[in-house]
Amino acid sequence: MRDQAERLRALVADAGTDGRRRESTNKTRVISITSGKGGVGKTTLAVNLALAAQQAGVATVLFDADLGLANLDIVLGVFPRYNLLHVLRGEKTIDEIICAGPGGLRLVAGGSGLAELANLNKQQLGRFIAGLAELDNSSDLILIDTGAGLADSVLSFLYASQEIIVVTTPEPTAITDAYAVIKLVSQHESKPIHVVVNRAHNEQEARAVFTKMAATATRFLDININFAGWIPEDSLVTRAIISQQPILLGHPSSRVAIAVHQLQAALFSGLQAEALPTETGLQAFFSRLTRFLGG
Ligand SMILES: Nc1ncnc2c1ncn2[C@@H]1O[C@H](COP(=O)(O)OP(=O)(O)O)[C@@H](O)[C@H]1O
Ligand SMILES: [Mg+2]
């Protein structure tokens, strides 16, 4: 798969010389949301965090990359007809597969297209990467809802992302599995790792969970991880899923909604912009992703 990586580099370089890609003006942050254990609240967080960012004036695209349980549509009550596969087959452009979510939020469904990325020929790949320029130019933030665990497909997303958000609950198995993800990612490449403790009963509990993880990460991995914040346990979350209305919209003054706004401010208020690598944006992300998927 090495020649594919070389082709990609050449393609990206080409895109830089024909003027379609505006160099260095591109500040799109690409952040994957992941967890070790499944069912800890990734999708709920992804949807509500994206809505909060959009409300705060950050042009946001929510990307559904959970191959197993693609479910942004279920949580949002929006059902995309087309996904990445249609773009890769040349049947649709990226623009045409974008779904309008609430409040101007844009959604992209990866669907089975993600599995196809590694098998693209040069022409398909070129078309795809070029097609991403528009999204890069029109967005400040791409949030990716990934699957859980250590599958290669998930890890490739984490490796290709500039930053990752790891979600855990206070449950010991969730913490252990979250740590395993952090370990693998940090051994691959250094990048900002943010931790969100979901379903905590109070701040003290959430901070205790984070402190334990941070101490282990410092001691055994020699890295610092960031406490992004926490979200309380609240039965409104389950009810919001049943009614297909995100809690941020349905219950904007709930404790969960307030916590999500705080997370949004902590993560996206621009404080971390300096820490970003120079290679940003969706085109760079997908070039990297294809490289990792190809092995
Ligand atoms: N803060 C919370 N309080 C109560 N229940 C929650 C909370 N966050 C998530 N849940 C429950 O956990 C379930 C799984 O959440 P989901 O976001 O789909 O997780 P994942 O995407 O990690 O699989 C939801 O259906 C919801 O019932
Ligand atoms: Mg999910």
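Which polar backbone atom is 3.0 Å from an oxygen atom of ligand 1? The one in Gly41. Before we go on, some ground rules: this is a predicted model, so local features need pLDDT of at least 70 and side-chain atom pairs count only at pLDDT 80 or more, while totals for chains, interfaces and linings use all residues. Residues are numbered from 1 along each chain as its sequence is written, chains are lettered from A and ligands numbered from 1 in the order in which they are written, and side-chain values use heavy atoms, with hydrogens and water left out.

**Around the ligand**

| Residue and part | Ligand 1 atom | Distance |
|---|---|---|
| Val40, backbone N or O | oxygen | 3.2 Å |
| Gly41, polar backbone atom | oxygen | 3.0 Å |
| Arg199, side-chain N or O | nitrogen | 3.3 Å |

The protein covers 84% of the 570 Å² of accessible area that ligand 1 has on its own. Such areas come from the Shrake-Rupley method with a 1.4 Å probe, and for residues only the protein chains shown count as cover.

A shell of 15 residues surrounds ligand 1, and the closest are Lys42, Thr43, Thr44, Asn198 and Thr238. To be near, a residue needs a heavy atom within 4 Å. Sorted by class, the shell has five nonpolar, six polar and four charged residues. Here Ala, Val, Leu, Ile, Met, Phe, Trp, Tyr, Cys and Pro count as nonpolar, Asp, Glu, Lys and Arg as charged, and the others, Gly among them, as polar.

Which elements each supply at least two residues of that shell? They are α2 (42-55), β7 (193-200), β8 (226-232) and α11 (235-242). Helices (H or I, at least four residues) and strands (E, at least two) are DSSP runs, numbered from the N terminus.

Most residues other than glycine have a negative phi. Arg199, in strand β7, isn't a glycine, yet has a positive phi of about 65°. Gln244 also has a positive phi, near 55°, and sits in the loop between α11 and α12 (247-250). The cut-offs are under 20% for buried, over 50% for exposed, and partly exposed in between (1.4 Å probe, protein chains only).

**Away from the ligand contacts**

Now find Ser32 in strand β1 (residues 29-35). Ser32 is buried, with a relative accessible area of 0%, and its side chain makes a polar contact with the side chain of Ser161 at 2.6 Å.

Ala53 belongs to helix α2 and is buried too, at 0% relative accessibility.

Leu267, in helix α13 (residues 255-268), is buried with a relative accessible area of 1%.

Notes
A polar contact is a pair of N or O atoms within 3.5 Å; within protein, one must be able to donate a hydrogen and the other to accept it, and residues adjacent in sequence count only if both atoms are side-chain atoms.
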